[in-house]
Amino acid sequence: MDTPAHKHWTDLTVRRPDDVRTMTGRRVSLSWQMEKRAGHIDRLMNRTRPEDFPDPVERGDAGDVLAALALSESIRRDLAARCWGDIREAILLGATWTEIAAAIDATPDEARAVLRDWTERQHQLHQREVERGRPLGSDADRHASVLALIELADDEQKAAKE
């Protein structure tokens, strides 16, 4: 990829999870984060090659380790932040709470709690922001629709739309 945004990202030194930002301050895609992390890991792996290795290799240093750690944490945070959306999507596409719980190594009630926490925060956000004239968060209808998903039994699938 040869865009100014990607060039900025590939040239950016990462030492903390909060360094993972685009030129405009937004989050960097997971694929770009993984690509950058892989480059640091490759250089670190090159440290195990013998000194007389026939091909030129770039050997990692402390900066590579720090970048790999920071990127790992950034990726972990991004994945955790989107878990609720994946859970909601799974339910909407016919997965059961039992299946979702197995996928995230949790109980069905723990999986429900992830979605419940998110929808409650989004509903509270909406209630605060509607007074400011900004339609952010989940209105009462969306909140109710997510709560209905949470109420499905462990092995019950969401009814398909007709």
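I started with the largest pocket, and its volume comes to about 170 Å³. For my own notes: on a 1 Å grid over the protein atoms alone, a pocket is an open set of points where a 1.4 Å probe fits, with protein on both sides within 12 Å along at least five of seven lines. Grid points are joined across faces, edges and corners, and the volume is the space filled by probe spheres set on the points.

This is a predicted model, so I kept in mind that local features need pLDDT of at least 70, side-chain atom pairs count only at pLDDT 80 or more, and totals for chains, interfaces and linings use all residues. Residues are numbered from 1 along each chain as its sequence is written, and side-chain values use heavy atoms, with hydrogens and water left out.

**Lining.** I found 14 residues lining the largest pocket, with W9, T10, K36, H40 and R43 nearest its centre (a lining residue has an atom within 4 Å of a point). The elements giving two or more residues to this lining are α1 (4-11) and α2 (30-45). Which element gives the most to the lining? That is α2, with six residues. Sorted by class, the lining holds five nonpolar, four polar and five charged residues. Here Ala, Val, Leu, Ile, Met, Phe, Trp, Tyr, Cys and Pro count as nonpolar, Asp, Glu, Lys and Arg as charged, and the others, Gly among them, as polar.

**Overall form.** I looked up the secondary structure next and got seven helices and zero strands (DSSP runs numbered from the N terminus, helices being H or I of at least four residues and strands E of at least two). The radius of gyration is 21 Å, well over the 15 Å from the globule rule for 162 residues, so the protein is more spread out than a compact globule. That radius is taken over C-alpha atoms, and the rule is 2.2 Å times the number of residues to the power 0.38. Along the principal axes, the C-alpha trace spans about 65 × 40 × 30 Å.

**T96.** I located T96 in the loop between α4 (83-92) and α5 (97-103). Buried or exposed? T96 counts as buried because its relative accessibility is 7% (buried is under 20%, exposed over 50%, partly exposed in between, with a 1.4 Å probe and protein chains only). Beyond its neighbours within four places in sequence, T96 contacts I91, D154, D155, E156 and Q157 (heavy atoms within 4.5 Å).

**D42.** I found D42 in helix α2. At 49% relative accessibility, D42 counts as partly exposed. Its C-alpha atom is 39 Å from that of W97, 55 residues apart along the chain.
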